[in-house]
Amino acid sequence: MPTTSVKEAPYAKTVKDDIELLGNILGKVIECQTGEAGLAIVEKIRQSAIHIQTGQDSSFKDLYHYIQSLDAKQSIIVARAFGHFLNLVNIVENVHRIDIETPTNSLNEIIANASHAGVKSAEIEDIIQQLSITLVLTAHPTEVKRRTNVQKYNQISELIKWRKEAKTTYDKVDIDRKLHVIISNLWLTDEIRRKRPTPIEEAKWGCAVVEEAFWHSVPQYFRRINCALLDSGLTPLTLNQTPLKFGSWMGGDRDGNPYVTANITEQVVMLYRWRAMTLILNDVTELIQELSINACNHEISTLTSNEHEPYRVLLRQLRDRLIYTIDWYQQRIIKKRFRLESACIQSVEEVLDPLYLIYNSLIQNNATAIAQDTLEDLIRKIHTFGLHLVKLDIRQESSRHSEVIARIYQYLELGDYWQLNESQKITWLIKELQSKRPLFDDDCPFNDDEQELIDTFQTIAKLPRDQFGSYVISMASQPSDVLSVLLLQKSCHIKGYLPVVPLFETLNDLKGSAETLSQLFQLNWYKEHTKGNQEVMIGYSDSAKDAGKLAASWQLYKAQQQMLEVGKAHDIKLCFFHGRGGSVGRGGGPIQSALLSLPPHTVNGWIKVTEQGEVIHKKFGSKENALENFILYTNSVLAATLTPPIEAHDNWQTLMDQMSDQSASDYRHVVHDEAFMAYFTQATPASALGKLCIGSRPAKRKPSARLESLRAIPYIFAWTQTRLILPSWLGMESALQSALATDKSLIKEMLKNWPFFKNLIDLLDMTLLKTSPEIAQFYDDGLSLNLQNYGQDLRLRLNSMIKVNSLLNTLTDDGHAASKYSAIHYRTPYIDPLNLLQASTLHKLAKGNLSTEEETIYEDVLMLSISGIAAGMKNTG
């Protein structure tokens, strides 16, 4: 599949050479597997798309009609060819570090900037010593690639790297042979998941990320950070300091997912601990091989009875206990009862203690270099990952807790809980939290859903406390939502309550978030319970689906400001947990600019962020990428903490309030139109997304045709596929147009001086580069006249947005626009045909008149087009 003839490619020659190499091999594989006729169809489509892009053809109509004329078997060849090529381009870009976000400033420069800004060295050191960055892996269904294919992509990536180092012609020929084998294997492998993953399988995938990337990158992360600190004249991090922390929702997030049960959570906990022990065992075994040393201190000599090679004696004892514990987990990984035998390792100290003994002895015997090598790396790993591997957060929707509390209230013959006002609920909940008597007995008549929630709390109570992070309440809106979860933890005998984290998601909940916290902090019992710290989660997805990107972004900004002030008033430090997705419509985008554009003082050295789906593979799919992203997060958090952005001027905030109101009104006017859901269902591949089997949870919270019941991921995923990408800009076009008409100079001032607004517009610009009104119109083929007119109105709005964005670009001095355009420009001849194929396939499936075999193949074509477009756009939901 040749790749020449595309102008304006932003790549260096080495990058283009690698893409051409893989493209040519793919072409040979296509010809081998489908014959000359199959390759000819692919090439005809590719050349036509290039001619349209370069202006040699003026319209997509002829290409669309040609694609429409293909039969089912020809269509599937096209879908696979273009999808595979786009994935190969992504591999090459990753190898050459293209589209990999890197820090603007080094850690040394950030420290120097802080010093120049007047921050004292002692304050800088204090912030660094208390730094806390938690990355939480979630099972949100946005990764469309099968894991078996991801493994093959990783193999191709390694071969491309080796090829650059090849010394002889034979070496290159042999690597090319291996590439041909792997790409052939890819072609002959079914790219479509035929079975939805279970929560256990999702957790295993999360384990693989930690095992293959995080575990190996963390020691290098500490070495890089400490080197920078020493260069800046600051104290390095001690062995037990862990600024980087890892969490997971895989096996803990039951919000809208009936498949995540108490039993599943228990199995996942055993899986995480089994894998953590295995990783430690591998490193201990390596240490046994290394430490063939006799010189030791008196303590170790006594402990080992003056044995020869005493370090090996201690490490073998630890190894044997690790093996015994691992065997115990393996034997019980699918059983329900969790009670460790006394011979098993129970606590992380049982692993660390012998390692510290050896570490100190080596230093005392002038073997510091040895102590600070593999042994120090393992000690840092254990402090970071413990015996838990990742901290498991639990998430459930607020109404589920209220239903259980209402049942208990009724069981106690106190009346109808739902008739209480919020003040009465708070009074009763606080009274019960302070009471010593049990809240309910075993005969409380819970229904199945209520009993499952009680089972979850009881399961948490019997599992190791160090395994769990926070308890997140989605759709939180009232203080009673938080107190209910605390009362259920008390009633189910959880020792050391999980921190309860309200998740504010909708626009109204965000607006009321500061008042909710204020009411909580005014409760003496609760304030004492927090011990001066409160974690708060803010949701980017549902707020944008509720009110549009601009209104949601502004309310998220204001809510953080307001909650921060409430925290300060009550002397409680807030940690904001950012529920970011991969796409712009769900809070995605470059993390550095995102953190540096948050309200001043809201980062404060302490942050928690979700990482989801395809973003996990992009950021952490290799040890090198993982390390770079760890550094990126650290530098960004420190920069936002030490030199926070300026406070928003009053006139900026006034204009943002006006634009937010207008954009939310216009957004809701469109999405609440009676034609909206019909158009969304028929003119996008929304109904097919559930068949992708990319996650364990259903696409809807509740079985309803209403927008409110639809999850944000499939909502944005579907619009991204059609190149309208509606949720990332709808409503902004009219608001920005009005603002530019009334006060262009103020907009220019905000772009120049306010990181929040600059980031908002940069993300808009990045999104619009991927849109195409011309392509989107083909999805209207076969729709009713009313829906076609509705689609035309949406495209007119998009064209208006593009014009407004062009005007905004003239107000900035951003020199990156051309290169961003070129990068997208290079991909479009390979994405556009997939869009046209998808639109044609949707029409054929809707029209019917297909044989059973044809319908089955076309459904596969649709799935493959979705995967291919996602690869080309580097975005799903």
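This is a predicted model: local features need pLDDT of at least 70, side-chain atom pairs count only at pLDDT 80 or more; totals for chains, interfaces and linings use all residues.
Residues are numbered from 1 along each chain as its sequence is written. Local features need pLDDT of at least 70 and side-chain atom pairs count only at pLDDT 80 or more, while totals for chains, interfaces and linings use all residues, and side-chain values use heavy atoms, with hydrogens and water left out.

**Exercise 1. Describe the largest cavity: its volume and its lining.**

Step 1. Points are joined across faces, edges and corners, and a volume is the space filled by probe spheres set on them.

Step 2. The whole structure holds nine cavities of 30 Å³ or more. The largest cavity has about 290 Å³ of space. It is lined by 23 residues, and the closest to its centre are Tyr540, Ala594, Ser597, Leu598 and Asn759.

Step 3. Now the elements, which are DSSP runs numbered from the N terminus (helices: H or I, at least four residues; strands: E, at least two). Two or more lining residues come from each of helix H22 (549–569), helix H23 (591–596), strand S8 (606–612) and helix H31 (755–768). H22 gives the largest share, five residues.

Step 4. Sorted by class, the lining has 14 nonpolar, seven polar and two charged residues. Here Ala, Val, Leu, Ile, Met, Phe, Trp, Tyr, Cys and Pro count as nonpolar, Asp, Glu, Lys and Arg as charged, and the others, Gly among them, as polar.

**Exercise 2. Work out how H22 packs against H26.**

Step 1. The axes of H22 and helix H26 (residues 650–671) are 8 Å apart, at an angle of about 135°. Axes are lines fitted to C-alpha atoms, for helices over the stretch in contact, and angles run from 0 to 180 degrees between N-to-C directions.

Step 2. H22 is therefore oblique to H26. The scale is: under 35 degrees roughly parallel, over 145 roughly antiparallel, 65 to 115 roughly perpendicular, and the rest oblique.

Step 3. Next, the residues in contact (heavy atoms within 4.5 Å). From H22 come Leu550, Ala551, Trp554, Lys558 and Gln561, which meet Gln653, Met656, Asp657, Met659, Ser660, Ser663 and Ala664 of H26. This contact counts six nonpolar, four polar and two charged residues.

Conventions:
On a 1 Å grid over the protein atoms alone, a cavity is a set of points where a 1.4 Å probe fits but cannot get out, and a pocket is an open set with protein on both sides within 12 Å along at least five of seven lines; lining residues have an atom within 4 Å of a point.
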